[in-house]
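Please open the model in your viewer and keep the selection panel at hand. This tour tells you what to select at each stop.

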Protein chains: 2
Amino acid sequence: MKKTIILGSVAFDAIETPFEKTDKIIGGAGTYICFAASYFSKPHALAVVGGDFPQEYISKLEQKGIVIDGIQIKKQEKTFFWSGKYFDNMNQRETLITELNVLEHFDPIVPDSYQNADYLMLGNLSPIVQRQVIERLTKRPKLIVMDTMNFWMDILFDELLQTIALVDVITINDEEARQLSGEYSIPKAAQKIMAMGPKYVIIKKGEHGAIVFYKNKTFYAPALPLETVIDPTGAGDTFAGGFIGYIAQQDKTDFETIKNAIVVGSALASFTVEQMGTQGIENRTQTEINERIAAFKTLTSYTL
Amino acid sequence: MKKTIILGSVAFDAIETPFEKTDKIIGGAGTYICFAASYFSKPHALAVVGGDFPQEYISKLEQKGIVIDGIQIKKQEKTFFWSGKYFDNMNQRETLITELNVLEHFDPIVPDSYQNADYLMLGNLSPIVQRQVIERLTKRPKLIVMDTMNFWMDILFDELLQTIALVDVITINDEEARQLSGEYSIPKAAQKIMAMGPKYVIIKKGEHGAIVFYKNKTFYAPALPLETVIDPTGAGDTFAGGFIGYIAQQDKTDFETIKNAIVVGSALASFTVEQMGTQGIENRTQTEINERIAAFKTLTSYTL
């Protein structure tokens, strides 16, 4: 099985929705990405947690076949904590608390056993940390995927550009693509971002699906219309995890594989939003996943 | 060729975008619907204009093979006039002027030559007028499609419900579906609207495409990502025109045909937004239309 490194926060989340409110539960981009990728490949997690992070949460990851050698535990420090609240329509949220804690001085140490990885997924973190991981790998992976967000455009724009120049795929939402490129038109924005480095630009549109741009080609995967959306937290990270996991499983990086990977990512993300926190993505069967992928096919198939 | 009646305003529009500003040009829902439908069937327009409406505009319709016997000309009155302004992102617009004029007391007279029509498209107008047309047909068409908007929900809700109960297909945007049903979830909203009468509920999502719900089935056609959007006016009406035109051409109303019709409608709408007013949809070749439909196939095809 191809070695896949997942950089991303492993953290505490506290989530409030119109329906439900959680205590501190397991969260973080890296957690969602690893859970999703675990259905297709063997994720090697690269993260940092504090001494307050429960052993049972680490065990949860291990039980899913996730390699945890790259998760540093800083006993004297506290784990990254995010708390957010969703409004009635679930499309907008407010961040209540962000405690960086261990993430403030995160120095990603790549274990020797992670070297020679074939695939690298850089979850949303400081572009400096993302770039450090690339630089600390002795061999460049076949495909490097990065996620980012507007926050880094606001405070570390030049650093972000340097990191973007090094990756093959970037995932970003439509507003962020506009901010990064200065273009309102999404196709134009994607062309400008491709000129910054990435071969593939994936625009995440939430309930409206995802679009990938590659050279002059475009593929649009709509999102599965869901009766019930309980908690959108981690949907984008789950998408990324399904995406990189499928690519690692196929061990191909051509456009056809990228398109299929987007469908897989979208299918997995639909599980995440149906339950609170990571519950929706933690324990799926291969049959359930195949059914969801088949539902996508039905959703978009026509005979004309 | 199957007879198709198109009820809808034939009017003057004055449009302002960040790029361009028009004088009073030909516009109105009925105009866009007829232009789009004319590529596939012979639209029979049902509308009213004033004495100020130029003969050259009527000729434009006739040249596209549109039957104009059902367009009343009220010599002493003025044509409906709408003026609107789009903001930078083209997703929001402000109505500057609405002069109802001839539409205020529009009493749709169905010419004898329109009787026994096979298909009926009710463009966005008062639900009372829409229902009058249905009632004035001696034989019920095989498929009745209606478009509507939030305005009628605000001021004529009960009348609207009565009309909705009589149709087979309703086209509506996502916010309007939520308002009409009281459900935020689009699949739940669609189910509630189906319970009001229509077999098919089509949710128009603009740049995010369109979704149709039928029983427990769903089909999602994304919109073609366009480099340049010049003027969104009439996009929804063009969609409706391509939709009903294709159905009339095929003379079938099963779900597979409805799905294909949505793709055709989306393809035609993409022409409309690329130019000011009706220019984009007025003069397309069959080859151009086929290429646009093929582009949709490419956009959504994957092998998984």
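**Before you start**

This is a predicted model: local features need pLDDT of at least 70, side-chain atom pairs count only at pLDDT 80 or more, and totals for chains, interfaces and linings use all residues. Residues are numbered from 1 along each chain as its sequence is written, while chains are lettered from A and ligands numbered from 1 in the order in which they are written.

**Stop 1**

Helices (H or I, at least four residues) and strands (E, at least two) are DSSP runs, numbered from the N terminus.

**Stop 1: α3 and α5 of chain A**

Select residues 127–135 (helix α3) and 157–164 (helix α5) of chain A. Their axes come within 8 Å and cross at roughly 30 degrees. Axes are lines fitted to C-alpha atoms, for helices over the stretch in contact, and angles run from 0 to 180 degrees between N-to-C directions. That crossing makes α3(A) roughly parallel to α5(A). Angles under 35 degrees count as roughly parallel, over 145 as roughly antiparallel, 65 to 115 as roughly perpendicular and the rest as oblique.

Now show side chains. Pro127(A), Ile128(A), Gln130(A) and Arg131(A) in α3(A) meet Glu159(A), Leu160(A), Gln162(A) and Thr163(A) in α5(A). Contact here requires C-beta atoms, placed from the backbone, within 7 Å.

**Stop 2: the two chains together**

Show chain B as well. A rotation of 180 degrees, with 0.0 Å of shift along its axis, superposes chain B on chain A (RMSD 0.0 Å). The two copies are thus related as by a two-fold rotation axis.

How many residues does the contact take from each chain? It takes 28 residues from chain B and 28 residues from chain A. On the chain B side, the elements giving two or more residues are α7, β13 (217–221), α9 (255–272) and α11 (286–300). α9(B) gives the most, with 4 residues.

**Stop 3: α9 and α11 of chain B**

Stay with two of those elements. α9(B) and α11(B) pack at an angle of about 115 degrees, with their axes 9 Å apart. They are therefore roughly perpendicular to each other. Select Val263(B), Val264(B), Ser266(B), Ala267(B), Ser270(B) and Phe271(B) in α9(B): they meet Ile289(B), Arg292(B), Ile293(B) and Phe296(B) in α11(B).

**Stop 4: α6 and α7 of chain B**

Finish with residues 174–181 (helix α6) and 186–195 (helix α7) of chain B, which pack at an angle of about 55 degrees, axes 9 Å apart. That makes α6(B) oblique to α7(B). Asp174(B), Ala177(B), Arg178(B), Leu180(B) and Ser181(B) in α6(B) meet Ile186(B), Ala189(B), Ala190(B), Lys192(B) and Ile193(B) in α7(B).

Conventions:
Two residues are in contact if their C-beta atoms, placed from the backbone, lie within 7 Å. Copies are superposed by least squares on the C-alpha atoms of residues with pLDDT of at least 70 in both.
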